[in-house]
Amino acid sequence: MSDFSNKVAIVTGSARGIGKTIALRLAEAGATVVVNDLSAAVNAVADEIKALNRQSLAVQGDVSSSADVNRMVETVKNTFGKIDILVNNAGIARDQLVVRMSDEEWESVLNVDLKSVFFCTRAVLRHMIRQRSGRIINIASIVGIVGNPGQANYSSAKAGIIGFTKTVAKEVASRQITVNAVAPGFIDTEMTQRLAEEWKQELQKRIPLGYLGSPRDVAEAVAFLASDEARYITGQVLSVDGGMAGAWM
Ligand code: NAI
């Protein structure tokens with residue numbers, strides 16, 4: 001396991017699910033972890049991290065608000081003095097066929113899933129550029145690569161994250177900052193537990209490895225991209241999907 005002692009990480013949307021697992025994984029490896037979420041449940045995650053004898057700070061806030069994001073990043077800088085790793089994980093889904101999709105369903109998903117990635121990245125880059133080091137890992141989705149009926153808003157946001165990742169990687173490479181995306185497939189979390197049982201069984205049949213991924217599978221890929229060992233990897237999209245996106249259907 002790579003050592004993250006002396007590294008400061010921010011993980012957005014980390015009150016539960018994949019984000020919480022990423023936060024705990026980085027903390028297990030020694031990182032100081034700032035946990036953010038809309039939900040107050042994020043305080044309990046910070047307590048779990050402190051119980052591992054790591055430093056942690058809970059920042060409740062909305063990543064689709066630039067004021068909340070800028071406040072969070074300033075607080076982190078003032079508290080810990082630096083920011084080494086940003087994991088843009090917060091996300092929502094509001095599924096609907098495009099002909100029935102409301103303005104609100106479109107805008108809320110684009111705001112939380114894509115605009116937030118811009119706000120958080122811009123805010124941390126101001127510090128990482130001065131530091132001349134940093135790791136940014138954006139949680140996209142295979143849906144942003146292959147599409148999925150009912151998810152025009154979500155797949156557009158996730159495809160947007162991929163374009164953003166590749167562009168920012170090029171903008172900041174000379175400062176030794178890497179920017180990559182992880183594209184999970186079908187992962188067992190509260191987001192997917194809400195899907196209808198028959199649809200879940202249908203999706204499972206399309207996973208070559210034959211089972212749903214766990215949040216830990218995603219967290220391991222994030223930890224690798226955040227590590228010193230991944231220093232020469234930037235602008236990439238790593239699918240963690242049991243082979244799903246590449247499968248012939
Ligand atoms: P989840 O719904 O269990 O957790 C998402 C967390 O983000 C929640 O704690 C929620 O409160 C927080 N959040 C939502 N809006 C926020 C905002 N405006 N500001 C701050 N926090 C906010 O979701 P899950 O499954 O853990 O997903 C995490 C990420 O992984 C998301 O970006 C999702 O799109 C992505 N993903 C998930 C997949 C899955 O199969 N579960 C597959 C592909 C991608």
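A residue is taken as buried when its relative accessible area is under 20%, and because His-127 has a relative accessibility of 7%, it counts as buried in this predicted model. His-127 belongs to helix H4, which covers residues 103–131, and, once its neighbours within four places in sequence are left aside, its contacts are Val-73, Glu-74, Lys-77 and Ile-83.

Strand E1, residues 8–11, directs Val-8 and Ile-10 one way and Ala-9 and Val-11 the other way, with all of them buried. In a regular strand the side chains alternate between the two faces of the sheet. The pairing of E1 with strands E2 and E4 is set out below.

Between E1 and E2 the chain passes through helix H1, residues 17–28, in a β-α-β crossover that is right-handed. H1 is largely enclosed by the rest of the structure, because 9 of its 12 residues are buried; among them are Ile-18, Ile-22, Arg-25 and Leu-26. The cover over the buried residues of H1 includes strands E1, E2, E4 and E5 (134–139), together with helices H2 (42–51) and H9 (215–226). At 1.5 Å a residue, the 12 residues of H1 should span 16 Å, and the 17 Å between its end C-alpha atoms agrees with this. After H1 comes Gly-30, which has a positive phi near 110°.

Note on methods. Residues numbered from 1 in each chain as written. Predicted model: local features only at pLDDT ≥ 70, side-chain atom pairs only at ≥ 80, totals over all residues. Heavy atoms only, no water. Buried < 20%, exposed > 50% of the residue type's maximum accessible area, 1.4 Å probe, protein only. Helix = DSSP H or I, 4+ residues; strand = E, 2+ residues; numbered from the N terminus. Pairing = 2+ DSSP bridges. Right-handed = clockwise from strand over helix to strand, strands pointing away. Contact = heavy atoms within 4.5 Å. Expected span 1.5 Å × (residues − 1).
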